[in-house]
Amino acid sequence: MFADQTETGEVDILEANLRIKPKPKFHIAVYQNVIRFAKNKPLAFSGGVVLAAMIVIAFLTRYAGLAPYDPEQIGVASKFGGPGTDLILGTDQLGRDVLSRLMFGTWVSLKVGLLSTVIGISAGTIIGIFSAYMGGLFDLVVQRVVDSLMAFPPIILALGLMAALGASDRNVIIALIAILTPGATRVVRSQALSIKELDYTLAARAIGATAGRVVWKHILPNVMATYIVLITITVGFAIVVEAALSFLGVGVPPDVPTWGGMLQLGRKYIDVTSWLAVFPGIAIALVVFAVNFLGDGLRDVMDPKLRGR
Amino acid sequence: MQQYVIKRIILFVPTVLLVTLIAFIVMAVLPGDPAIAILEGDGGGSYTAEDLEKLRKELGTDRNVFVQYGSWIGGVAKGDFGESLWFKSSVMTELGGRIPVTVELAVLATLLAVVVAVPLGIVSAIKPDSPLDYGSRIFTLIGIAVPNFLVAVMMILFLLKIFNWLPSLGYVNLWEDPVQNLSQMIFPALALALYEMAFIARVTRSSMMEIIREDYMRTARSKGLSEKVVLFRHGLKNAILPILTISGWQFGRLFGGTVVIETIFLIPGMGRILIEAVQHRDFPLIQAAIVIIGIAIVCINLLVDLLYGWLDPRIRYA
């Protein structure tokens, strides 16, 4: 019908406009969104930058030998050397380089934190969607189990699991998954329940869409924002729990440098020197603030309904 | 109300049973064979088949899993959690004396948190965007983000460096020497309370800000009531409900935090013995500590729910 109107010329302009402004390509759209995010949420954006920098440092330390010394090498310089004496951040009680140990600690913290969060929240999301979609007995049982798991303070459950499984970084990840999954299940389930009742889901089911199609095409895309936000706001928590477990000496084995383990040494030698406690403390605080700011910002932009959680 | 109470209690029973089941599964099923896990330790120590048989009998793991759970839960119902492997005595005698210490720490922390956070939140809500509000919001941000073990270590560091003084770490019974006890407990409680303080301050602020905009607040002002009466009788009375719920829930969560704080400040509570038990793989003791904490929290949540329903009729009929 528009073809008849081309004589007037107006539609041409309209079409020309449409042609001039095509949908931006994916990488340009991402770039534009990042710029807008940086402008609207500068704090969250800087959190993201810090986190990205830490991830880069972690990878370079692990795979490209960025650290100036071997973190296990004893007697790099004299014991308890303060920062700036021989080495940038000084040495610990065995004369090991604090900076190198911190850099390797970054790898452990981020690896454990990110892996456990992604797996835990993904598992929670899948279980939550199924629980909401299937309803009935399955839903009831899942919700009771979630309630009971969430009755335990996270660190207590983690301690029990670590005792049962033994201290190693793999087991810390398993313990964290067990802690993180129930919460995500609960959040995603309630969201999926409300999506299930919306007209478009109902319409899809009315025209005979299979359960798989409804979940895949209608429910899953609509919980994606929640999923991404949950991951970002949970990473900080996961890193803190790992640090707490290593601090208590039941997480990652003490021969692996971790921020939590280094803080524990700092606490032990606190009357000798305060630096050993200060640097891992700063590292933990920095990553937690960065992740929290980023998570809060993403939440405000992507899923305001989660505010206050 | 009666219906509400019944409904809550019906939900409560399976949760308690599941809590015990989870604790049982974690400690008795997950390690595969707890006896092997204990004997091998982390390093894979050597042992004979006889040792293994003996330990299995001692642990009771030579029996069927369901029988094990049945006999364990029967004991739990009577307050008998079996024998500790590391301390070689009854789990209950080891734990019993430590429970009050942890409860004292948690109560003290909750009190500190509420006493500081509620006024802070109210002032913050009454005068939004004032310097005090900004200060309190920054405090909230820090308090929620920084983990308690870091707060505790930094607290010790500051006391040591700035005042060149540390409270004598350890624990004296509250009834024997109240002053010494409080001087030992106040800093751990503060380190433990910081998160709760920040959290409660945030909830108080947002809850109070919502209430301030309500019609009945304007009505109360327009009929000439003094600002104090408006704020406290009309405002706080309504804002207090979510604060109460959050404080109740947080009280339960504090038992997790005590583990770390007790270890740092050398307080002989439940958390510290739990760490020792984890390090020595003392399964019965860990199991008992987990179950006691889990059930305590489920009970606290039930009480909070009931209290909430009693205070706010809207909940009962929802």
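1. Helices are taken here as DSSP runs of H or I with at least four residues and strands as E runs of at least two, both numbered from the N terminus. The model is a predicted one, in which local features need pLDDT of at least 70, side-chain atom pairs count only at pLDDT 80 or more, and totals for chains, interfaces and linings use all residues. Residues are numbered from 1 along each chain as its sequence is written, while chains are lettered from A in the order in which they are written.

2. Chain B holds 14 helices and zero strands, and its C-alpha atoms fill a box of roughly 85 × 60 × 35 Å along the principal axes.

3. Of the 318 residues of chain B, 38% are buried, a residue being buried if 20 or more other C-beta atoms, placed from the backbone, lie within 10 Å of its own. Helix H10 of chain B (residues 215-222) has zero of its eight residues buried, so it lies largely in the open. Just after H10(B), B:Gly224 takes a positive phi of about 90 degrees.

4. Where two residues count as in contact if their C-beta atoms, placed from the backbone, lie within 7 Å, 73% of the contacts in chain B between residues at least 6 apart in sequence join residues at least 24 apart.

5. The contact between the chains takes 40 residues from chain A and 39 residues from chain B. On the side of chain A that touches chain B, the largest share, 10 residues, comes from H6(A).

Terms used:
A residue is buried if 20 or more other C-beta atoms lie within 10 Å of its own, exposed if 12 or fewer, and partly exposed in between; C-beta atoms are placed from the backbone.
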